[in-house]
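Please look at the sequence and the structure below.

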Amino acid sequence: MDKIWSMLTDPNMQWIFLGCTLLGLSSGVIGCFSYLRKQSLMGDTLAHAALPGICIAFMLTGIKSIGLFLVGAGLAGVVATFGIGYITRHSKLKQDAAMGIVLSGFFGLGIVLLTLIQHGDYGNQAGLDKFLFGQAASMIGSDVITMSIVCLALITICTLLFKQFKIISFDPGFARGIGYPVALLEQLLMLLMVVAVVAGIQAVGVVLVAALLITPAVSARYWTDRLSLMVVLSGLFGALSGGIGTLISASVSNLPTGPVTVLAATLLFFVSILFGPQRGLLAKRIARKQVKLRYSREMEHRIHDSKKKEAAL
Amino acid sequence: MSDFWILLTGALVASCCGILGVFLVLRKMAMIGDAISHSVMPGIVIAFLLSGSRDSMLMMFAALAFGLLTTFLIQMFQNSGIQADASIGVVFTSLFAVGVVLVSLYARQVHLDQDAILYGEIAYVHWNIWTLGGVNMGPKAVWLLGFTLLVIVAVISVFYKQFKLCAFDSALAAAIGIPVALFHYLLMGLVSMATVSSFESVGAILVVGLLIIPASTAYLLTDRLGVMIVLSVAVGVASTFIGYGAAVMLDASIAGCMVCAASVLFIVAFLFSPSQGIVIKKLRLRQLA
Amino acid sequence: MSLTNTVKTRNIEAAAPLTISGLSVAYQKKPVLRNVTFKVNEGELVGVIGPNGAGKSTLMKAALGLIPSIGGEVLVYGKPYKQQRKMIGYVPQRESVDWDFPTNALDVVLMGRYGHLGWFRRPGAKDKAMALECLNKVGMADFAGRQISQLSGGQQQRVFLARALAQDAKLYFMDEPFAGVDAATEKAIITLLQELKLQGKTVIVVHHDLATVQDYFDTVLLLNVELQAFGPTAETFTQEQLQRTYGGRLAFLDRSMQPPSSIGGKGV
């Protein structure tokens, strides 16, 4: 406990803590929209695809800067989404197979490049493999600031364009009808997802960053039917997971941030599943009992009525 | 000599994954295969921790347990109203996170580290060490894979018509009285076995590449299920051979190169498949015009 | 009621191809099917009619045990449906299947034999011959080796029907077999239904096209979550019953020039 407290008073740690919390917040927010558009696993694909992008960026420039990696990963993400769409449109393969192919293909390439870097002569390549599982505690100050700015920008855009994102997620045909630039907005949403994924990779790692996009959003779904509340809750859950994950992983040596954050998010998910009003397991059990009771009462009434009719005849 | 063992291991992995991958792709469950390959990992680690050594049977059992648990949880969440893709995402990320935590905390006891999870120990350690430890490890992985392949071939051939109908038209299968759920769990159980057997050579995460990519390639090359299975295995084996060659030349991860080779073969089929290749279709159009 | 009457009634009921009592299906809190009770006799050709969301497909799927029900009983020839699967043939909706699957028309029809083969047997020469015969009956014998993705919508529907024939059942459930098919296929389906009726089989069809009900079916079941009416077409398929089932959504009925007690087929 003391260790955690002493960490919190360390200014460097404070920055990292803030950064990861913001990251969880923005991932939770974006995750809601991708969940509604049934693109939850797209985040996973983008994250796996980002690896070769990051490696190539490093190999070309030799610099280890998160801004550069953002660009590399972003470009890789764009290529990946294009690839998935192309495969689905021009062959009989369905979207799940296309995602699987792109995901594992890109990731395989990324691993190859990673090992090439490790065996090669690239100087400060140490720590590049931290991208696989995340190590928030080892983030440099400037990187944290970049990440925080990125996340704040993400949240701002989502707030400003909330109405638009809501309608293109729900009914893109209708949105087109009232004149919204649906294709543009969809691309923007995809881009924001790429940004969230790339920002998250440093803290949580390639393999698990998808969880930040999916789990808080799903958890929030159990508490409300209104999108605005769902987004807020999802952001809250994400922020909590990010914060807790960072704290715990920084206080235990050799424990990467990624899995702990994911486990925190999963815990919140289980709580939501059990106790969410209306959709939670507890609530459903009660509702089911009520419905069955109502039906059996109805049946009794009908039998009673028909018996009365028979008696009257 | 070690070359032979590596190639044999690769061929066995490709065979196991190639057969199962066909059914995953046809049932549109490629991502569930991805999920299972990730989530058997905590099972493997727990088996290591419990047995103190690499008892293969215990590992197999633990992987099966976690694979079936994953299938069950995904099904449960889906039935309770969560979308299919989100259900998959939540389940596999949390189970995989558990696995990574265990590995990080008990790395020394388990003789594993995070990189090994990704692309297997064989690739992580240099060729020389592979050769030295090879005589002990090689055959063991080969035996495990051989056993798994036998089980897969046996189960799939005996219940071929059930797997086929469940993949094609599960509504009719249920109406006829085929226990669709049973065969679903059976398939996912086999995927779990294939994952854990391939774990030492290809790692948990790259196994999905060998599950999905060769099967998809075969899908583009034929219209018959039986042929698709054979082609899937053939493409997979070719990928492992080509991949290994590339890895030796480049001094890079073997598993990664195998998956890259599979991707290249996929692209070739995508473009040049005699029946469905993009380039071939364009050429035909031009001939007509 | 005297005891002998009760026993007689039970015997008659036991022989009926389909007896459904009190079938109810709910999705979360919403009732999709409420307390549906009816009995179909042998040789009847039943059309299940109702507006969208009325539960027609749900009725079929619940009767086959494909979706869970919250109450009710389904008896096929007097026994629970689970024990009578060999007597039931099912034609699901065409969209429920992936037509990119690597298989040909004959193979699809052969799948209809699986119910008779048990767990371990493979289809043999007799099964293959029967499958070809079924394809022939729907006019698709020439397409036996054709990859199914190369078939038109109507041809796919006919392959589905051939598969149902191969199931060699006594009671058939068909979910929207006429949806989106060409005229030739429609004719083929009707001929098939008539032939099945002549063989003494019972067929229950979810149908969407009101204009053709009187020509196709001798019995109708009007459904809108609850059973609205069930009986011979001539008596049951009336303006009044339809108005009740569709809840006023059939505006054209008022403008129809048909006699008040029944709706004409082609004139509307």
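## Terms and model

Two strands pair if DSSP finds at least two bridges between them. Helices (H or I, at least four residues) and strands (E, at least two) are DSSP runs, numbered from the N terminus.

This is a predicted model, in which local features need pLDDT of at least 70, side-chain atom pairs count only at pLDDT 80 or more, and totals for chains, interfaces and linings use all residues. Residues are numbered from 1 along each chain as its sequence is written, while chains are lettered from A and ligands numbered from 1 in the order in which they are written.

## Chain C overall

Chain C holds eleven helices and ten strands. It has 268 residues, and 40% of them are buried. A buried residue has 20 or more other C-beta atoms within 10 Å of its own; an exposed one has 12 or fewer, and a partly exposed one falls in between, with C-beta atoms placed from the backbone.

Contact means that the C-beta atoms of two residues, placed from the backbone, lie within 7 Å. Take the contacts in chain C between residues at least 6 apart in sequence: 67% of these join residues at least 24 apart.

## The sheet in chain C

Four strands of chain C form an open sheet in the order 2-1-4-5, with antiparallel pairing. Strand 2 and strand 5 (79–80) are the edge strands, each pairing on one side only. Strands of a sheet pair through backbone hydrogen bonds, either parallel or antiparallel.

Strand 1 and strand 2 (residues 30–40) of chain C are joined by seven bridges. Here C:Tyr27 has C:Lys30 of strand 2 as its bridge partner. Five antiparallel bridges link strand 1 to strand 4 (residues 71–76) of chain C. In that pairing, C:Thr19 partners C:Leu75 of strand 4. Strand 4 and strand 5 of chain C share two bridges, again antiparallel. C:Leu75 stands opposite C:Pro80 of strand 5.

Helix 2 (residues 56–63) of chain C lies across strands 1, 2 and 4 of chain C. It runs at about 65 degrees to strand 2 of chain C.

## Two helix pairs

Axes are lines fitted to C-alpha atoms, for helices over the stretch in contact, and angles run from 0 to 180 degrees between N-to-C directions. Angles under 35 degrees count as roughly parallel, over 145 as roughly antiparallel, 65 to 115 as roughly perpendicular and the rest as oblique.

In chain B, helix 12 (residues 225–250) packs on helix 13 (residues 254–272) at about 125 degrees, with axes 7 Å apart. That angle makes helix 12 of chain B oblique to helix 13 of chain B. The residues of this contact are 13 nonpolar, four polar and no charged. Ala, Val, Leu, Ile, Met, Phe, Trp, Tyr, Cys and Pro count as nonpolar, Asp, Glu, Lys and Arg as charged, and the others, Gly among them, as polar.

In chain A, the axes of helix 3 (residues 40–61) and helix 4 (residues 66–90) come within 7 Å and cross at roughly 135 degrees. Helix 3 and helix 4 of chain A are therefore oblique to each other. Among the residues that meet are A:Leu46 and A:Ala49 in helix 3 and A:Phe69 and A:Val71 in helix 4 of chain A. This contact has 15 nonpolar, five polar and no charged residues.

## Where chain C touches chain A

Seven residues of chain C are in contact with six of chain A. Strand 1 (residues 18–27) of chain C gives the largest share of the chain C side, three residues. That side has two nonpolar, three polar and two charged residues.
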